[in-house]
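This report goes through a two-chain model, chain by chain and then across the contact between the chains. Please keep the sequence and the structure in view while reading.

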Amino acid sequence: MTDLPLVGFVALSSALFAVGLFGILTRRNFILILIALEIAMNAAILNFVYFGAFSGGPGGLSGQAIAVVLIGFAATEVAVGLAIVLALNRLKGTINVAQATDLKL
Amino acid sequence: MSIEELAFLALAVVALVTAVAALLVRELVHTILWVAVFFVDISAIYFLLQAPFLGVLQLGVYAGAVTILLLFGIMVTRKRIFAREAATGISEVPLALAVVTFIFVIAVVGELPQTSTPVRSYDPTLLSENLFGTNGPWLLLLGLIMMGAVAGSIYLVREGRE
């Protein structure tokens with residue numbers, strides 16, 4: 001058993017989420033956007049584990065179980081994202097998202 | 001200050017520094033290296049929270065699979081692997097939005113109970129019972145979505161698609 005403050009954990013994950021959000025909004029390279037998305041997603045998954053651990057009882061296990069499922073979702077999302085990167089690279093010759101404008105009217 | 005709190009502080013600082021460094025360095029390969037350290041650091045936080053199963057999963061899925069997948073993505077999309085990215089700079093509006101998000105969450109955190117609660121360790125068998133029993137539908141949903149994602153990825157990257 002360890003004693004840890006809840007507030008520090010939530011502050012950490014919110015800071016990480018802010019970093020990820022900043023990266024998603026500013027980067028132009030598709031792979032960098034995926035990485036920023038993963039950082040934000042990790043911050044969100046951490047929240048489930050903290051709050052589960054701090055609520056105690058069966059809630060702690062539910063938090064961990066949902067985190068397992070979410071890690072799987074995040075890995076799936078990277079796989080699909082990289083498929084899109086490859087398709088974009090084949091179509092445009094670049095993975096700069098500013099040039100992916102085919103659906104614009 | 002207990003040893004766990006010190007460990008948490010150190011891990012939190014490393015997580016923040018590596019996350020920021022990953023997004024600010026100009027070489028994409030260096031980004032991958034920083035983000036790999038970030039994933040290992042998050043896995044250490046899981047071990048600190050007495051969730052060893054998640055820690056191992058994080059090491060395997062993120063530090064292992066996702067990092068290598070991203071490296072392959074870089075390898076096949078650029079001619080010179082270590083080429084530098086064009087500087088995108090730090091634009092004001094996204095920075096402000098990120099800071100506002102952070103401040104908003106911190107304001108909400110202020111309302112949380114300020115006590116530190118004991119973190120309990122669990123038997124992995126209990127976790128697996130929970131995962132396949134109570135949360136079984138989520139796991140099935142994950143399987144379905146992964147299957148759809150595999151089919152979609154293959155459709156996106158197959159040869160000869162017009």
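## Model and confidence

This is a predicted model, in which local features need pLDDT of at least 70 and side-chain atom pairs count only at pLDDT 80 or more, while totals for chains, interfaces and linings use all residues. Residues are numbered from 1 along each chain as its sequence is written, and chains are lettered from A and ligands numbered from 1 in the order in which they are written.

For the complex, the predictor gives an ipTM of 0.91 and a pTM of 0.88. Chain B has a mean pLDDT of 84, with 87% of its residues at 70 or more; pLDDT is the predictor's confidence in each residue, from 0 to 100. Within chain B, the highest confidence is in H2(B), with a mean of 93, and the lowest is in S1(B), with a mean of 64.

## Chain A

Chain A contains three helices and one strand, in the order β-α-α-α along the sequence. Helices (H or I, at least four residues) and strands (E, at least two) are DSSP runs, numbered from the N terminus.

The C-alpha trace of chain A spans about 55 × 25 × 25 Å along its principal axes. Its radius of gyration is 17 Å, whereas a compact globule of 105 residues would have one near 13 Å. The radius is taken over C-alpha atoms, and the globule rule is 2.2 Å times the number of residues to the power 0.38.

Of the 105 residues in chain A, 50% count as buried. A residue is buried if 20 or more other C-beta atoms lie within 10 Å of its own, exposed if 12 or fewer, and partly exposed in between, with C-beta atoms placed from the backbone. Two residues are in contact if their C-beta atoms, placed from the backbone, lie within 7 Å. Among the contacts of chain A between residues at least 6 apart in sequence, 43% join residues at least 24 apart.

## Chain B

Chain B has six helices and one strand, which run α-α-α-α-β-α-α from the N terminus. Chain B is divided into domain 1 (1-86) and domain 2 (123-162), with bounds from an automatic or database domain assignment. The centres of these two domains, taken over C-alpha atoms, are 23 Å apart.

Of the 162 residues in chain B, 23% are buried. Of the contacts in chain B with a separation of 6 or more, 53% are between residues 24 or more positions apart.

## Contact between the chains

In all, 71 residues of chain B are in contact with 64 residues of chain A. On the chain B side, two or more residues come from each of helix H1 (3-24), helix H2 (28-48), helix H3 (52-77), helix H4 (92-109), strand S1 (116-119), helix H5 (124-132) and helix H6 (136-157). H3(B) gives the most to this side, with twelve residues.

By class, this side of chain B has 50 nonpolar, 17 polar and four charged residues. Here Ala, Val, Leu, Ile, Met, Phe, Trp, Tyr, Cys and Pro count as nonpolar, Asp, Glu, Lys and Arg as charged, and the others, Gly among them, as polar.

## Nonpolar core

A nonpolar core is a set of buried Ala, Val, Leu, Ile, Met, Phe, Trp, Tyr and Cys residues joined through C-beta atoms within 7 Å. The largest one has 62 residues, and the members that touch the most others are Leu16(A), Ile31(A), Ile35(A), Ile39(A) and Val49(A). At least two residues of this core come from each of helix H1 (6-26), helix H2 (30-55) and helix H3 (57-92) of chain A, and from each of H1, H2, H3 and H5 of chain B. H2(A) supplies the largest share, 18 residues.

Leaving aside neighbours within four places in sequence, Ile35(A) is in contact with Ala22(B), Thr31(B), Val35(B) and Leu70(B).

## Single residues

Gly8(A) is in helix H1 of chain A. Gly8(A) counts as partly exposed because 16 C-beta neighbours lie inside 10 Å. Apart from neighbours within four places in sequence, Gly8(A) is in contact with Phe8(B) and Ala12(B). Ala87(A) is in helix H3 of chain A and is also partly exposed, with 16 other C-beta atoms within 10 Å. With neighbours within four places in sequence left aside, Ala87(A) is in contact with Leu156(B) and Val157(B).

Gln50(B) lies in the loop between H2 and H3 of chain B. The phi of Gln50(B) is near 60°, a positive value in a residue other than glycine. Gln50(B) is buried, because 20 other C-beta atoms lie within 10 Å.
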